[in-house]
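Have a look at the model below and turn it around a few times. Then we'll walk through some of its details together.

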Amino acid sequence: ALYRPGRPAPDLAQLRREALQRETEAKIQAQLAALRSGRTSALRLDGEGMPELPLSLLSETGWAQVGIYWMSLRELPAACAGWTKVESLTASNQLEPLTVAQGALDLPKLKRLEITNARILTLPLHFAVVPSIQELHVQNNRLRELPSGWGAAGRLTTVFLWNNRIRVLPSDIGAAPSLTTLNCSGNMLT
């Protein structure tokens, strides 16, 4: 809408939000079309400013790699568990503190999980449900504690926990049979 004398000035911030929303929707539709045509199995959302993931993305099960960067995402919803083919999930540099819903990480083929610089407080990861996980990157967050059940993480080789607020490591963290790298520097370990 153009400004005309005698009419109220347009809300430029609202116009920018609407333009960003249209642009974001066009990008999402293009990625969905590429997935459905078999041209890609990777979803990348970069700086889209969305506070939540659209249902159109959550309902697609063909994603093998999901990357969410520089967004205003507030929650990684439980509906992400429908991504049954996901092997790599990254949520990095979130502009808002990110909450991970119970069940969101119940991805049976997940090999690499990276949630960094997202200010998460908890990590609802159930190793028995995700036996294929090999790498866990959750550095630069606000984690105070970690999940238990590390003995079920039979393939887990690498864990990066640095720069969180962890005071005590789970007593069974050494039970992960394949664990070769554990970096927990920059925490409040006692």
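## A charged trio and its surroundings

Let's start with Glu 135: with a relative accessibility of 27%, this residue counts as partly exposed. Keep in mind that this is a predicted model. Glu 135 forms a salt bridge with Arg 112, and their closest N and O atoms are 3.2 Å apart. Arg 112 sits in strand 6 and Glu 135 in strand 7, so this pair ties together parts that are 23 residues apart in sequence. Arg 112 also meets the side chain of Glu 114 in a salt bridge. Through shared partners, Arg 112, Glu 114 and Glu 135 end up in one network.

How exposed are the other two? Arg 112 is partly exposed, at 26% relative accessible area. Glu 114, on the other hand, counts as buried because its relative accessibility is 17%, and the cut-off for buried is under 20%. As a general point, side chains of opposite charge can pair when their charged atoms come close.

The count for the model comes to five salt bridges. Here are three of them, including one from helix 1:

| Salt bridge | Closest N to O distance |
|---|---|
| Arg 112 and Glu 135 | 3.2 Å |
| Lys 27 and Glu 23 | 3.5 Å |

What separates Lys 27 and Glu 23 along helix 1? They are four residues apart there, which means about one helical turn lies between them. Lys 27 counts as partly exposed at 34% relative accessibility, and Glu 23 is partly exposed too, at 44%.

Now for the greasy side of things. Nonpolar side chains tend to be buried together in soluble globular proteins. The largest nonpolar core here has 48 residues, and Trp 83, Leu 89, Leu 113, Ile 115 and Leu 123 touch the most other members. Several elements each supply at least two residues of this core, among them helix 1 (12-36), strand 4 (88-92) and strand 6 (112-116). Take Leu 123 as an example: leaving aside neighbours within four places in sequence, its contacts include Leu 105, Leu 113, Ile 115 and Pro 147.

How are the strands put together? Strand 1 and strand 2 run parallel and are joined by five bridges; Leu 43, for instance, has Val 66 in strand 2 as its bridge partner. Strand 2 is also joined to strand 4 by five bridges, and these two run parallel as well. Here Tyr 69 has Ser 92 in strand 4 as its bridge partner.

Two loop residues are worth a look for their backbone angles. Most residues other than glycine have a negative phi. Asn 93, in the loop between strand 4 and strand 5 (99-100), has a positive phi near 55°. Arg 119, in the loop between strand 6 and strand 7 (135-137), has a positive phi near 60°. Arg 119 is partly exposed, at 27% relative accessibility.

Last stop: Asn 187, in the segment after strand 9 (181-183). Is this residue buried or exposed? Asn 187 counts as buried, with 17% relative accessibility. A polar atom of its side chain lies 3.1 Å from the backbone nitrogen of Ile 166. Not counting residues up to four places away in sequence, Asn 187 touches Leu 161, Trp 162, Asn 163, Asn 164, Arg 165 and Ile 166.

Note on methods. Residues numbered from 1 in each chain as written. Predicted model: local features only at pLDDT ≥ 70, side-chain atom pairs only at ≥ 80, totals over all residues. Heavy atoms only, no water. Buried < 20%, exposed > 50% of the residue type's maximum accessible area, 1.4 Å probe, protein only. Polar contact = N/O pair within 3.5 Å; in protein donor to acceptor, adjacent residues only side chain to side chain. Contact = heavy atoms within 4.5 Å. Core = buried A, V, L, I, M, F, W, Y, C linked by side-chain atoms within 4.5 Å. Pairing = 2+ DSSP bridges. Salt bridge = Lys/Arg side-chain N within 4 Å of Asp/Glu carboxyl O.
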